[in-house]
Amino acid sequence: MCGIVGLFLKDPTLEPELGRLTAAMLATMSDRGPDSAGFAVYGTGEAGQTKLTVRGTSPLSIEERAAEIEAAFPGAQTALHDTHAVISVPEQEVEALIKWLEREAPETEIVGRGARMEIFKEVGLPAQVAERFGLASMRGTHAIGHTRMATESAVTTDGAHPYSTGKDQCLVHNGSLSNHNNLRRELRREGLKFETENDTEVAAGYLTWRMREGLSLGDALKVSLDDLDGFYTFVVGTENGFGVLRDGIACKPAVMAETDRYVAFGSEYRVLADLPGIDQARIWEPEPATVYFWER
Ligand SMILES: NC(=O)CC[C@H](N)C(=O)O
C-alpha cells in the first residue's frame, strides 16, 4: 500500500489553492497509508535566502529552539508549524546554522533544505497530519504528499516520507525495495548518512549520490532502474519540476491527469476526482520504466 498524491500547477491563479487541493487529495489516500503522512510544498522563495525545515520533538521544544536561533542568527526568520520550524537564513549563514543545530540542538532533524521547498511529516492519520501543519492554507507552485503503510521499517516520523534528496529535491515512494540493505552499506562507504532502516531513505540517498557524481535528476532516475530491485512508484519534486517513475513491472497503481492548469498524480483515480476541470483532463496510466518530468 502507501498512497501518493502530487499536484504541479501550470496556472498561477491556482497557487493560493495548492494547499487546500493537496490536503483533500492526501485525506483521500488515508486508507492506503494510515500510519503516517508527509508532504513537500514549493512556496515562495527570497533571492539569497535558504530555507531549512527543522523538526523538533514537540511544538514547545521547536518554539524554544526557534527563539534561540533568532537570537544567535539575527538574519534568520522562523515560521512555526506544530513540531516543525521553517527557518529562512541568508545563504552564507546556512552552514553555520547547520553546525549550530548539530552542536546546540541535537534532538532536531533537518528534513529539508532549499530555496522554496518545505517538508512536513509526522506519524498519524493523513488528515490530522495535514491539519497540524496547516497544509490547507499553504500556497505554492507544486506539492507532493504521501500516506504511509510501513513495509520496511518501523512506524516513526523518521520513516515517514518525503525524503529530501538534495536542495529543493524530495522523493516519495510506493512499494518496497529488496536490495536496500546492500545498497545502504555501499552508499555508507561513499559517505552518505542514513537515519533509519527504511528502503525509501536508501532510494533517496541513491539519487543524491548519483547527482553528486554529476548525473541530472532525470538520468539518475533512469539508471535507478538498473540498480534498485523491487517494486516502486516514485514521485520526485525539484525547485521547478515534478517527476514520476514506475519500475519495469509497474504493479503499484498510478494515474495521472493533465489540463492547461495542472498536472496531477494519484495512486488511485479517486484522488483526482475533485480537482477543478477534471472532466476535461487527459487521464492516463504512466508507463513502466519511463521517466516523466514537467518543468516551469
Ligand atoms: N507501503 C509502501 O508503499 C511503503 C513504502 C516504503 N517501503 C516504506 O516502508 O516506507
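## A tour of the enclosed space and the open pocket

Start with the largest cavity, whose lining residues divide into two nonpolar, six polar and three charged. Here Ala, Val, Leu, Ile, Met, Phe, Trp, Tyr, Cys and Pro count as nonpolar, Asp, Glu, Lys and Arg as charged, and the others, Gly among them, as polar. A cavity is a set of points, on a 1 Å grid over the protein atoms alone, where a 1.4 Å probe fits but cannot get out; a pocket is an open set with protein on both sides within 12 Å along at least five of seven lines, and lining residues have an atom within 4 Å of a point.

Before you click on, note that this is a predicted model, in which local features need pLDDT of at least 70 and side-chain atom pairs count only at pLDDT 80 or more, while totals for chains, interfaces and linings use all residues. Residues are numbered from 1 along each chain as its sequence is written, and side-chain values use heavy atoms, with hydrogens and water left out.

**Stop 1: the cavity.** Select Cys2, Arg148, Met149, Thr151, Glu152, His161, His173, Gly175, Asn198, Asp199 and Thr200, which line the largest cavity. It holds about 50 Å³ of space, a volume being the space filled by probe spheres set on grid points joined across faces, edges and corners. One cavity of 30 Å³ or more turns up in a search of the whole structure.

**Stop 2: the ligand.** Now show the ligand: the space it takes is the largest cavity (a molecule sits in a cavity or pocket if more than half of its atoms lie within 2 Å of its grid points). Strand E10 (169-177) and helix H6 (199-212) are the elements that give two or more residues to the shell around the ligand; helices (H or I, at least four residues) and strands (E, at least two) are DSSP runs, numbered from the N terminus. The largest share, three residues, comes from E10.

In total, 14 residues surround the ligand, and Met1, Cys2, Arg148, Thr151 and Gly175 are the closest; near means a heavy atom within 4 Å.

**Stop 3: the polar contacts.** Look for pairs of N or O atoms within 3.5 Å:

- A polar side-chain atom of Thr151 is 2.8 Å from a ligand nitrogen atom.
- A polar backbone atom of Gly175 lies 2.7 Å from a ligand oxygen atom.
- A polar backbone atom of Glu152 lies 3.2 Å from an oxygen atom of the ligand.

The ligand taken alone exposes 300 Å², and the protein buries 100% of that (Shrake-Rupley method, 1.4 Å probe).

**Stop 4: two backbone features.** Most residues other than glycine have a negative phi, and most peptide bonds are trans. Select Cys2, in the segment before strand E1 (3-9): Cys2 has a positive phi of about 85° although it is not a glycine. Then go to His161 and Pro162, joined by a cis peptide bond with omega about 0°. Pro162 is in the loop between strand E8 (142-148) and E9.

**Stop 5: the largest pocket.** Finish with Glu109, Ile110, Ser164, Lys193 and Glu195, which lie nearest the pocket's centre among its 32 lining residues. About 1,200 Å³ of space lies here. Its lining has eleven nonpolar, ten polar and eleven charged residues.

Conventions:
A polar contact is a pair of N or O atoms within 3.5 Å; within protein, one must be able to donate a hydrogen and the other to accept it, and residues adjacent in sequence count only if both atoms are side-chain atoms.
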